[in-house]
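Good morning, and thank you for making time for this presentation. Please look at the sequence and the model together as I go through them.

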Amino acid sequence: MDFKDLVLYRQSDRKYDENKIVEKEKINQCIEASRLAPSACNSQPWTFVVADDKTIVEQLSKAAANLGMNTFAKHCPVIIAIVMEKANFTAKIGGVMKDKDFPLIDIGFSASYFCLQAADLGLGTCVLGWFDEKKVKKILNIDDKKRVPLLITLGYSLAKTRQKIRKDENKMCKYNRYK
Ligand SMILES: Cc1cc2nc3c(=O)[nH]c(=O)nc-3n(C[C@H](O)[C@H](O)[C@H](O)COP(=O)(O)O)c2cc1C
């Protein structure tokens with residue numbers, strides 16, 4: 001797949017083959033792509049916690065399902081939690097001076113590298129922002145003070161590739177002037 005095809009192929013998959021185990025090497029490749037993602041001042045303020053144990057995945061999926069959202073997570077074989085770590089000194093100072101939440105931005109990059117690498121390996125993912133963070137931290141033994149901005153579901157998708165629904169290019173890109 002060339003890059004454009006990969007970007008079109010990657011989608012939020014919400015139906016997985018729950019009996020098909022995701023190979024450890026493939027998970028490691030996704031982790032490696034995330035590890036190589038850029039971050040402000042190379043701070044890398046993340047830890048990826050991979051849950052592939054059936055009992056833990058089940059508990060996490062319960063923490064993600066609420067008000068009719070994310071019930072599909074119950075049928076995915078792997079869930080990754082991204083823990084936000086402290087930024088390094090320069091990223092912290094830069095963030096304060098420029099009023100920017102660099103760790104959150106960095107985690108977005110790292111998560112997207114994960115999802116694109118997974119797609120390249122024929123795996124499906126869905127980024128989840130909607131979940132009970134307190135429960136997730138308890139299940140994975142993460143300090144209460146830390147934040148978990150995202151979960152990622154991972155598995156072999158049973159969903160068909162959809163057309164992307166996106167704003168028109170002229171609505172999201174301007175040349176030389178915003179207005
Ligand atoms: C930060 C973030 C949080 C998201 N949270 C959820 C979620 O909790 N549940 C869900 O089903 N999809 C979630 N999504 C997936 C988006 O709904 C999806 O990316 C968007 O609709 C575009 O569709 P596509 O990923 O299939 O191209 C999230 C995506 C991002 C980037």
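Predicted model: local features only at pLDDT ≥ 70, side-chain atom pairs only at ≥ 80, totals over all residues.

Met-1 is exposed, at 56% relative accessibility, where exposed means over 50% relative accessible area, buried under 20% and partly exposed in between, with a 1.4 Å probe and protein chains only. Met-1 belongs to the segment before H1; helices (H or I, at least four residues) and strands (E, at least two) are DSSP runs, numbered from the N terminus.

Residues are numbered from 1 along each chain as its sequence is written, and side-chain values use heavy atoms, with hydrogens and water left out.

Helix H1 covers residues 3-9 and contains Leu-6. Leu-6 is buried, because its relative accessibility is 9%. The C-alpha atom of Leu-6 is separated by 10.0 Å from that of Gly-122, and the two residues are 116 apart along the chain. For another pair, consider Ser-43, in the loop between helix H2 (24-35) and S1. Ser-43 also counts as buried, at 12% relative accessibility. Between the C-alpha atoms of Ser-43 and Cys-126 the separation is 25 Å, for 83 residues along the chain.

I turn now to the aromatic rings. How many aromatic pairs does a search of the whole structure find? The search finds one. As a reminder, a pair of aromatic rings is described by the distance of the centres and the angle of the planes. The partners are Phe-48 and Phe-114, stacked at 6.2 Å centre to centre with 20° between the planes. The rule applied is that rings of Phe, Tyr and Trp (its six-membered ring) pair if their centres lie within 6.5 Å, with planes under 30 degrees apart counted as stacked, over 60 as edge-to-face and the rest as tilted. The pair links distant parts of the chain, as Phe-48 lies in strand S1 (residues 46-51) and Phe-114 in helix H5 (residues 102-120), 66 residues apart. Phe-48 is buried, with a relative accessible area of 16%, and Phe-114 is buried at 0%.

A further ring contact involves a charge: the charged end of Lys-20 sits over the ring of Tyr-156, 4.2 Å from its centre. For this, NZ of Lys or CZ of Arg must be within 6 Å of the ring centre and within 35 degrees of the ring normal.

Next, the cysteines. With a disulfide defined as a pair of cysteine sulfur atoms within 2.5 Å, the count is zero.

On the backbone, most residues other than glycine have a negative phi. Leu-67 has a positive phi, near 50°, and Asn-70 has a positive phi of about 60°. Leu-67 is in the loop between H3 and strand S2 (78-84), and Asn-70 is likewise found in the loop between H3 and S2. Are these residues buried or exposed? Leu-67 is exposed, with a relative accessible area of 73%, whereas Asn-70 is buried at 10%.

Of its 17 lining residues, the closest to the centre are Glu-18, Asp-52, Lys-54, Cys-76 and Pro-77. On a 1 Å grid over the protein atoms alone, a pocket is an open set of points with protein on both sides within 12 Å along at least five of seven lines, and lining residues have an atom within 4 Å of a point. Helix H3 (residues 54-64) gives the largest share of this lining, four residues. By class, the lining has seven nonpolar, three polar and seven charged residues; Ala, Val, Leu, Ile, Met, Phe, Trp, Tyr, Cys and Pro count as nonpolar, Asp, Glu, Lys and Arg as charged, and the others, Gly among them, as polar.

The second largest pocket holds about 190 Å³, a volume being the space filled by probe spheres set on the points, which are joined across faces, edges and corners. Its lining includes Met-84, Lys-92, Pro-103 and Arg-147, and divides into three nonpolar, no polar and six charged residues.

Methods. 1 Å grid on protein atoms, 1.4 Å probe; cavity = no way out; pocket = protein on both sides within 12 Å on 5 of 7 lines; lining within 4 Å.
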